[in-house]
Amino acid sequence: MKLNMGSFDRVIRVVIAVLIALAYFTNQISGTFAVVALIIAVVFLITGFVGFCPLYKPFGISTRKKAAA
């Protein structure tokens with residue numbers, strides 16, 4: 001598994017996941033929307049901590065900086 005997410009992308013994903021969790025636990029969101037949002041938050045947390053996004057792979061996207069040669 002080749003990492004394809006840069007630091008900024010990873011931080012943004014974790015921040016969004018935390019905001020979704022806060023919205024859920026403060027009852028700002030509820031119902032089906034809350035469940036879907038929490039699933040997305042979990043995916044964002046996992047990909048943010050791992051540094052690899054499976055959806056980037058088929059499109060050839062990488063937000064990681066290139067290593068200096």
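**Charges, helices and contacts**

Me: Where is Arg64 found?

Reply: This is a predicted model: local features need pLDDT of at least 70, side-chain atom pairs count only at pLDDT 80 or more, and totals for chains, interfaces and linings use all residues. Residues are numbered from 1 along each chain as its sequence is written, and side-chain values use heavy atoms, with hydrogens and water left out. Helices (H or I, at least four residues) and strands (E, at least two) are DSSP runs, numbered from the N terminus. Arg64 is found in the segment after α3 (56-59).

Me: Is Arg64 buried, exposed or partly exposed?

Reply: Buried means under 20% relative accessible area, exposed means over 50%, and partly exposed lies in between (1.4 Å probe, protein chains only). Areas come from the Shrake-Rupley method with a 1.4 Å probe, and for residues only the protein chains shown count as cover. Arg64 has 41% relative accessibility, so this residue counts as partly exposed.

Me: Which residues gather in a patch of positive charge on the surface?

Reply: Patches take residues with over 30% relative accessible area and no salt bridge; like charges are joined within 9 Å, and nonpolar side chains (Val, Leu, Ile, Met, Phe, Trp, Tyr) within 5 Å. Lys and Arg count as positive and Asp and Glu as negative, while His and the chain ends are not counted. A charge is placed at NZ of Lys, CZ of Arg, CG of Asp or CD of Glu. The residues in this patch are Lys2, Lys57, Arg64 and Lys66.

Me: How many salt bridges does the structure hold?

Reply: A salt bridge is a side-chain nitrogen of Lys or Arg within 4 Å of a carboxyl oxygen of Asp or Glu. Side chains of opposite charge can pair when their charged atoms come close. Here the number of salt bridges is 1.

Me: Which residue pairs with Arg13 in a salt bridge?

Reply: Arg13 lies in helix α1 (residues 7-25). The N to O distance is 3.3 Å, and the partner is Asp9.

Me: What is the relative accessible area of Asp9?

Reply: The place of Asp9 is in helix α1. Leaving out residues up to four places away in sequence, Asp9 touches Tyr56 and Thr63 (contact means heavy atoms within 4.5 Å). Asp9 is buried, because its relative accessible area is 13%.

Me: Which residues does Arg13 touch, not counting residues up to four places away in sequence?

Reply: Arg13 counts as buried because its relative accessibility is 9%. The residues that Arg13 touches, with that sequence limit, are Met5, Phe44, Thr47, Gly48, Cys53 and Tyr56.

Me: Which residues form the nonpolar patch on the surface?

Reply: Leu19 lies in helix α1 and is exposed, because its relative accessible area is 52%. Val18 is in helix α1 too, but is partly exposed, because its relative accessible area is 42%. Together the patch has about 430 Å² of accessible area, and its residues are Val11, Val15, Val18, Leu19 and Leu22.

Me: What is the phi of Asn27 near?

Reply: Asn27 is in the loop between α1 and α2. At 68% relative accessibility, Asn27 counts as exposed. Most residues other than glycine have a negative phi, and most peptide bonds are trans. In Asn27, a residue other than glycine, phi is positive, near 60°.

Me: Which residues does Ile29 touch, not counting residues up to four places away in sequence?

Reply: Ile29 is found in the loop between α1 and α2 (31-50). Ile29 is buried, because its relative accessible area is 16%. Beyond that sequence limit, Ile29 touches Ile20, Ala23, Tyr24, Ala34 and Ala37.

Me: How many Å separate the C-alpha atoms of Ala41 and Arg13?

Reply: Ala41 sits in helix α2 and counts as buried, because its relative accessibility is 5%. Leaving aside neighbours within four places in sequence, Ala41 is in contact with Ala17 and Ile20. Ala41 and Arg13 are 28 residues apart along the chain, and their C-alpha atoms are separated by 8.2 Å.

Me: How many Å apart are Gly31 and Ile12, C-alpha to C-alpha?

Reply: Gly31 is found in helix α2 and counts as partly exposed, because its relative accessibility is 47%. Gly31 and Ile12 are 19 residues apart in sequence, and their C-alpha to C-alpha distance is 25 Å.
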